[in-house]
Amino acid sequence: MVDKRSTIDEAISRLSSGMTIGIGGWGSRRKPMAIVRALLHSGLSDLTIVSYGGPDVGLLANAGIASKVIAGFVTLDSIALDPLWRQVRQRGGIDLTEVDEGLFYLGLQAAAWRVPFLPARAGLGSDVLVRNPLLKTVTNPYVDGPFADPADVGAELLAMPALHLDAAFVHANAADTAGNAAFTGPDAYFDELFLGAADLRVVTAETVVAEGGLGEVGPLAKATVHRLLTDLIIETPNGAHFTSCAPNYDRDEAFQKAYVTAASDPETWEAFTARFLGGSEADYQRAVAEFTKESQS
Amino acid sequence: MSPTRAEVCIAAISEVWRDAGEIMASPFGTIPMVASRLAKRTFSPDLVLTDGEAAIIVGAPPITTKPEDLVREASVPYKTIFSVVWSGRRHIVMQASQIDRFGNQNLSAIGPHNQPKVQLIGVRGAPGNSVNHKTSYWVPDHSTRTFVEAVDTVCGVGYDRAKNAGVGATRFHELPRVVSNLGVFDFSGPNNSMALVSVHPGVTVEEVVAATGFELHLGDVVETPGPTDEQLAIISEIDPKGAREREIKA
């Protein structure tokens, strides 16, 4: 029986500079942060990051790992704006393809279904089309007959292109050794579509159980990622920190605040990077444990 | 006691959902959130409200209610929200960092898009919302910086841009209201341009005109009706700690 268990280093070694990488989660929620942290010292460059943007986007853009971003927004949820992302944007340091978040969904869906585009009204009339001249429209082909809607005859719709990914990373509450995974929190976001749109499909998880064990972690209906969608499974406890990973843990608001405060100034950011982001994932988790102890005492 | 400006704004915003029936009300900001719950408790009991996360909630509880104390009736993760958006069964009240005469809205970035002066949150769902279902706006800081001749990036689509894009964009496009801390507006001016409907108590038409960076259509301008005593009591129940007063400058 196939065993998809792997390591962060193995997953990163399969990437190369210039790739398009999808990152699951939403804003500051259930982001595969252990992977994002590893990408920071991967030596990779010129990545295109495709994300419902949270701290992943600001971190990778600011570090010069990403040169292009496809997103509808970047937010930390409880703190609306990420200072790293603001700085990168305000110094003109990134190529941003900004699309409506519903179009983004359709782009992933089109890639997962292997069709070149999916149509939508979203984006029509807005600067999404003006700023992204590569986006095209299609004309409704149904002009008569039983499928023609008189109100939409001649309608031009936006043709959202497939967002094909070289690799996708998502973080699950639990996975099994065969490559199935479960999101036991309130929202699976678009993670299944990120995996469906990608060549290399990687799931990090709070815990990895034996094949067939996900039904004991929670209702089987929450195990929406089956093994046809995955290549590598990596156990990364607390791996979404500091973003939320309900029901395992909430967003670490104290830490996120410290991140935002540090990121607002290059000097304090350097100190923060040295303390938290200089080493391995295990080093990071130790430093976080220390931070938590200090802030509680 | 006369209502505060925030309470006048709440009553005015709640009107966008009057007799709305069974649709999702999506408020952005404290004052719109209180307004949506006021509407549900009074004239639009069938409104569908969410917990801001991934579920529809029962009733219109105080905004101070802890997440664990909310009663939820259905699951609506993000992916399913787009089915609601594109079905049209929704009326959103978004905020605008900039809005222009025809209702184009910006929440992406101030200044040139490739190197903004101020990076904001991003286009989010504004392009899709505005061409798929009713979209109204709440602007808590009315000035010539927010009510501008032309927005820097068009996120929410205004009437002029929708018309240029054709029937695909206009079919379900409707911007019923703009409410600011100074007044209430609609798009009943020439060519669907912004018209001043009412000024809030204590505000003059001249003040609104001076704080607006484009020519407003001025028809019969009245005073914004404040909340009734009954509405005021409900507002205090929904927002017992007065969070509404912190969203606008006095």
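**Questions on the model**

Visitor: Leaving aside its neighbours within four places in sequence, with which residues is Leu84(A) in contact?
Guide: This is a predicted model. Once the neighbours within four places in sequence are set aside, the contacts of Leu84(A) are Gly58(A), Leu59(A), Asn62(A) and Ala263(A).

Visitor: Does Leu84(A) count as buried or exposed?
Guide: Leu84(A) has its place in helix H4 of chain A. A residue is buried if 20 or more other C-beta atoms lie within 10 Å of its own. Leu84(A) has 23 C-beta neighbours inside 10 Å, and therefore it counts as buried.

Visitor: What distance separates the C-alpha atoms of Leu84(A) and Ala61(A)?
Guide: Along the chain, Leu84(A) and Ala61(A) are 23 residues apart.

Visitor: Is helix H9 of chain A oblique or roughly parallel to H10(A)?
Guide: Helix H9 (residues 253–263) and helix H10 (residues 266–276) of chain A pack with their axes 7 Å apart, at an angle of about 135°. Angles under 35 degrees count as roughly parallel, over 145 as roughly antiparallel and 65 to 115 as roughly perpendicular, the rest being oblique. The angle therefore makes H9(A), relative to H10(A), oblique.

Visitor: How many nonpolar, polar and charged residues does the contact of H9(A) with H10(A) have?
Guide: From H9(A), the residues Tyr259(A), Ala262(A) and Ala263(A) take part, and they meet Thr268(A), Trp269(A), Ala271(A) and Phe272(A) in H10(A). Sorted by class, this contact has 6 nonpolar, 1 polar and no charged residues.

Visitor: Why is chain A as compact as a globular protein of its length?
Guide: The secondary structure of chain A comprises 11 helices and 11 strands. For 297 residues the globule rule gives 19 Å, and chain A is as compact as a globular protein of that length because its radius of gyration is close to that value, at 20 Å.

Visitor: What share of the residues in chain A is buried?
Guide: The C-alpha trace of chain A spans about 70 × 50 × 35 Å along its principal axes. Of the contacts in chain A with a separation of 6 or more, 74% are between residues 24 or more positions apart. Among the 297 residues of the chain, the buried share is 50%.

Visitor: How do the residues on the side of chain A that touches chain B divide by class?
Guide: Chain A brings 40 residues to the contact and chain B brings 36 residues. On the side of chain A, helix H4 (83–90), helix H5 (101–113), helix H6 (127–131) and strand E7 (156–161) each supply at least two residues. By class, the residues on this side of chain A are 20 nonpolar, 9 polar and 11 charged.

Visitor: Which strands stand at the edges of the 7-stranded open sheet of chain B?
Guide: The order of this open sheet is E1-E5-E10-E11-E12-E13-E14, with mixed pairing. An edge strand pairs on one side only, and the two in this sheet are strand E1 (24–27) and strand E14 (217–223) of chain B.

Visitor: Which residue of E11(B) stands opposite Trp138(B)?
Guide: Strand E10 (residues 134–139) and strand E11 (residues 178–180) of chain B run parallel and are joined by 3 bridges. Within this pair, Val139(B) stands opposite Ser180(B). The residue of E11(B) opposite Trp138(B) is Val179(B).

Visitor: How many of the residues of E10(B) are buried?
Guide: Lys134(B), Ser136(B) and Trp138(B) point one way from E10(B), while Thr135(B), Tyr137(B) and Val139(B) point the other way. E10(B) is largely enclosed by the rest of the structure, because the buried residues number 6 of the 6.

Visitor: Against which elements of chain B do the buried residues of H1(B) pack?
Guide: Helix H1 (residues 5–14) of chain B lies across E5, E10, E11 and E12 of that chain, and runs at about 175° to E11(B). The helix is mostly covered, with 10 of its 10 residues buried. Those buried residues of H1(B) pack against H2, E5, E10, E11, E12 and helix H8 (229–238) of chain B.

Note on methods
Residues numbered from 1 in each chain as written. Chains lettered and ligands numbered in written order. Predicted model: local features only at pLDDT ≥ 70, side-chain atom pairs only at ≥ 80, totals over all residues. Contact = placed C-beta atoms within 7 Å. Helix = DSSP H or I, 4+ residues; strand = E, 2+ residues; numbered from the N terminus. Nonpolar A, V, L, I, M, F, W, Y, C, P; charged D, E, K, R; others polar. Rg over C-alpha atoms; globule rule 2.2 N^0.38 Å. Buried ≥ 20, exposed ≤ 12 C-beta atoms within 10 Å, placed from the backbone. Pairing = 2+ DSSP bridges. Axes fitted to C-alpha atoms, helices over the stretch in contact; angles between N-to-C directions.
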